[in-house]
Amino acid sequence: MIPRTAPRVVLVTGKGGVGKTTVAVALALRYAERGLSTVLVETAGAELVPGIFGVEGQGYTPTLVAPGLWTLRLTPEEAIEDYVVQQVRFRRLYSMVFKNRVMGPFIDAVPGLHDAVQLGKIFDLYRESLGGRPRWDRIVVDAPATGHGLTMLGSARALMDLTRAGPLHDGVKQVQDVIGDPQRTGVLLVTLPESLPVNETIELGARLGESRALLRGVVLNSAVSAPVTAGELRLVEAGLSTLPGGEEVARLAARRLRQVAAQEGAAARLQAALSVPTVTLPDLRWGDAPIDRLGAAELSNLGGLLPLAELGL
Ligand SMILES: Nc1ncnc2c1ncn2[C@@H]1O[C@H](COP(=O)(O)OP(=O)(O)OP(=O)(O)O)[C@@H](O)[C@H]1O
Ligand SMILES: [Mg+2]
């Protein structure tokens, strides 16, 4: 494989609830801990990240949440306003035109515009400079759940096809040149190490189309580990059966071993289907000290487990 440089923009996507935000924060923390100036962009609506760090969020304005790590929340409305104000340099005009009852629905009706302006904001972050060098070494995007995440990725190209020429077309092309370039943008898919989510991820990989080249890897999040090896279990099984409750313990251990084997099978299937690295993150809810809400320390630990070099990130 040709060695690739790490992209400055990383989009994290996957099905709802699989751990996109968790992985995005873990990755962003890892970058920040390496001394890279990092901004984490939340796109899914709720502003969850500042709370994890016990900081008050400021929406669209980057907020420092940890050394080297800033976060902001992106909404289509603010991104559109930002874009238009940049273009016309006159906020009042924006309010007159875009907030009025006639134009509002029209804007909503342009296919892909909402997504494209959000990509536009990511592109602005990419271009932002400070003291003659890029302001952000890494831009990690907690992208919308798949389906929508993919539409967002393809939105700049879709809008280019729609406009064909003119200033909007040229603007969107600049965005596409960054977001569609595997050297500058990478995609990390998150899924659970179970058969159904893995099948869905394989299907998703097939639907990536032109974005396929951006895919850097898949994270199998919330994996369980085996309490004992199969051989160890066989050795102790006879003894366990004579103890009170021993059979139950043996049954649970055997079940966990099957779960671990299924995980390994799922990872191997993914690897074969998508031919990108698959990495596993443990489920911290099942560790020695069960955790029901991940905080900055746990996320930093998870980030430390991401094999960046292997992923080319
Ligand atoms: N490896 C893990 N160990 C323990 N808990 C985890 C792990 N990964 C995620 N969680 C927990 O599972 C829940 C869902 O994770 P998260 O919010 O990251 O998913 P998501 O894909 O971003 O969800 P949504 O689609 O709603 O945005 C959270 O409470 C999170 O703390
Ligand atoms: Mg999320």
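Start with helix 10 (residues 230-241) and helix 11 (residues 246-274): their axes come within 9 Å and cross at roughly 165°. In this predicted model, the two are therefore roughly antiparallel to each other, since an angle over 145 degrees counts that way. The crossing of helix 10 and helix 11 is left-handed.

Who touches whom here? On the helix 10 side you'll find Ala230, Leu233, Glu237, Leu240 and Ser241, and they meet Gly246, Glu247, Val249, Ala250, Ala253, Ala254 and Leu257 of helix 11. Sorted by class, that contact has eight nonpolar, two polar and two charged residues.

Now for another helix pair. Helix 1 (residues 20-33) packs against helix 12 (residues 296-304) at an angle of about 80°, and the axes are 8 Å apart. That makes helix 1 roughly perpendicular to helix 12, because angles from 65 to 115 degrees fall in that class. Helix 1 brings Thr22, Val25, Ala26, Leu29, Arg30 and Glu33 to the contact, while helix 12 brings Ala296, Leu299, Ser300, Leu302, Gly303 and Gly304. The tally for helix 1 with helix 12 is six nonpolar, four polar and two charged residues.

Here are the two pairs in one place:

| Helix pair | Axis angle | Axis distance |
|---|---|---|
| Helix 10 and helix 11 | roughly 165° | within 9 Å |
| Helix 1 and helix 12 | about 80° | 8 Å |

Next, a look at the backbone. Most residues other than glycine have a negative phi. Ser222 has a positive one, about 65°, although it is not a glycine. Ser222 sits in strand 9 (residues 215-223). Is Ser222 buried or exposed? With a relative accessible area of 15%, Ser222 is buried, because the cut-off for that label is under 20%.

Ser275 is another non-glycine residue with a positive phi, near 40°. You'll find Ser275 in the loop between helix 11 and strand 10 (278-282).

Finally, the chain as a whole. How many helices and strands does the chain have? There are 13 helices and ten strands. The chain runs to 313 residues, and 47% of them count as buried. If you take contacts between residues at least 6 apart in sequence, 74% of those join residues at least 24 apart.

Definitions and conventions: Residues are numbered from 1 along each chain as its sequence is written. Chains are lettered from A and ligands numbered from 1 in the order in which they are written. This is a predicted model: local features need pLDDT of at least 70, side-chain atom pairs count only at pLDDT 80 or more; totals for chains, interfaces and linings use all residues. Side-chain values use heavy atoms; hydrogens and water are left out. Axes are lines fitted to C-alpha atoms, for helices over the stretch in contact, and angles run from 0 to 180 degrees between N-to-C directions. Helices (H or I, at least four residues) and strands (E, at least two) are DSSP runs, numbered from the N terminus. Angles under 35 degrees count as roughly parallel, over 145 as roughly antiparallel, 65 to 115 as roughly perpendicular and the rest as oblique. Contact means heavy atoms within 4.5 Å. Ala, Val, Leu, Ile, Met, Phe, Trp, Tyr, Cys and Pro count as nonpolar, Asp, Glu, Lys and Arg as charged, and the others, Gly among them, as polar. Buried means under 20% relative accessible area, exposed over 50%, partly exposed in between (1.4 Å probe, protein chains only). A crossing is left-handed if the near helix is turned anticlockwise from the far one by less than a right angle, and right-handed if clockwise.
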